[in-house]
Amino acid sequence: MAASASLTNTNAFSSSVSRHHHQRQPSASISTVNFFNSTTQRSCKPLISHSTFPSNSTVRHNTSVVAAATSDSPSSGSATSFHGTCYVVRDNIDTDQIIPAEYLTLVPSKPEEYKKLGSYALIGLPASYETRFVEPGEYQSKYSTIIAGDNFGCGSSREHAPVALGAAGVTAVVAESYARIFFRNSVATGEIYPLESEVRVCDECNTGDVVTIELDQSLLINHTTGKEYKLKPIGDAGPVIEAGGIFAYARKAGMIPA
């Protein structure tokens with residue numbers, strides 16, 4: 001089932017946080033189900049990897065979601081623009097391809113195990129994908145954006161899937177559509193921006209193309225081909241992801257004690 005990128009408003013967040021964490025949310029609304037407990041901040045990468053930018057690039061990004069365990073670079077402002085190379089996949093990329101079940105014993109709240117999760121991101125892709133997403137021996141990918149087809153993230157409900165992508169250095173996925181639970185987990189963990197394209201972008205981009213996502217304009221720019229693509233607005237999910245996930249957002253908004 002594909003998820004819409006429009007989420008419930010912040011009043012819905014308030015009511016969902018006050019309920020038990022195991023209550024299922026409808027469609028693409030944000031789930032409070034999370035393998036991180038409510039007192040542990042996730043160990044995550046900077047939203048934007050400085051290594052992907054030429055020295056003269058100006059990019060605004062968010063510091064509230066940068067974990068001290070993996071970042072020592074000061075920054076300011078909010079995440080509005082992401083730039084780097086893209087990795088293109090097709091339809092029905094399931095969670096076992098994103099992170100195989102054998103790696104689910106890794107605990108993302110432990111910095112070293114979070115780091116290892118990144119090294120296994122998309123390792124389950126079939127052999128038809130000749131370009132590895134993460135090179136052997138590396139923990140992060142050189143591709144900061146994933147461009148996908150229909151039903152990205154289908155399969156199991158494992159939250160390790162968006163976490164593994166985030167640990168690998170992915171800032172955003174641009175897909176034709178998402179499996180509902182993957183979309184929800186992406187927002188709840190705050191690891192990646194699950195953006196939806198208005199057209200089938202995966203047919204017009206190639207792995208290695210240089211792209212920019214202008215979040216505030218809901219725009220994907222492919223600098224390699226010179227084409228631009230309109231994205232569906234991320235809506236109320238944006239502030240939750242920017243805050244670092246559902247619990248961080250709830251603390252920031254005063255819904256739960258800091």
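Colleague: How many of the 10 residues of H5 are buried?
Modeller: In this predicted model, the buried residues of H5 run from Arg180 and Ile181 through Phe182, Phe183, Arg184, Asn185, Ser186, Val187 and Ala188 to Thr189. H5 is largely enclosed by the rest of the structure, because the number of buried residues is 10 of the 10.

Colleague: What is the phi of glycine 190, positive or negative, and near what value?
Modeller: Glycine 190 follows H5, which spans residues 180-189. The phi of glycine 190 is positive, near 70°.

Colleague: How many residues of the contact of H4 with H5 are nonpolar, polar and charged?
Modeller: H4 contributes Ala161, Pro162, Val163 and Leu165 to the contact, and H5 contributes Phe182, Asn185, Ser186 and Thr189. By class, the residues of this contact divide into 5 nonpolar, 3 polar and no charged.

Colleague: Which residues of E4 point the other way from Tyr193 and Leu195?
Modeller: In a regular strand the side chains alternate between the two faces of the sheet. In E4 (residues 193-196), Tyr193 and Leu195 point one way, and all the residues of the strand are buried. Pointing the other way are Pro194 and Glu196.

Colleague: What is the bridge partner of valine 173 in E4?
Modeller: E3 (residues 172-175) and E4 run parallel and are joined by 4 bridges. Within E4, valine 173 has as its partner proline 194.

Colleague: Does serine 144 count as buried or exposed?
Modeller: Serine 144 lies in strand E2 (residues 143-148). Beyond its neighbours within four places in sequence, serine 144 has contacts that include His83, Thr85, Gly169 and Ala172. Buried means under 20% relative accessible area, and serine 144 has 6% relative accessibility, so serine 144 counts as buried.

Notes. Residues are numbered from 1 along each chain as its sequence is written. This is a predicted model: local features need pLDDT of at least 70, side-chain atom pairs count only at pLDDT 80 or more; totals for chains, interfaces and linings use all residues. Side-chain values use heavy atoms; hydrogens and water are left out. Axes are lines fitted to C-alpha atoms, for helices over the stretch in contact, and angles run from 0 to 180 degrees between N-to-C directions. Helices (H or I, at least four residues) and strands (E, at least two) are DSSP runs, numbered from the N terminus. Contact means heavy atoms within 4.5 Å. Ala, Val, Leu, Ile, Met, Phe, Trp, Tyr, Cys and Pro count as nonpolar, Asp, Glu, Lys and Arg as charged, and the others, Gly among them, as polar. Buried means under 20% relative accessible area, exposed over 50%, partly exposed in between (1.4 Å probe, protein chains only). Two strands pair if DSSP finds at least two bridges between them.
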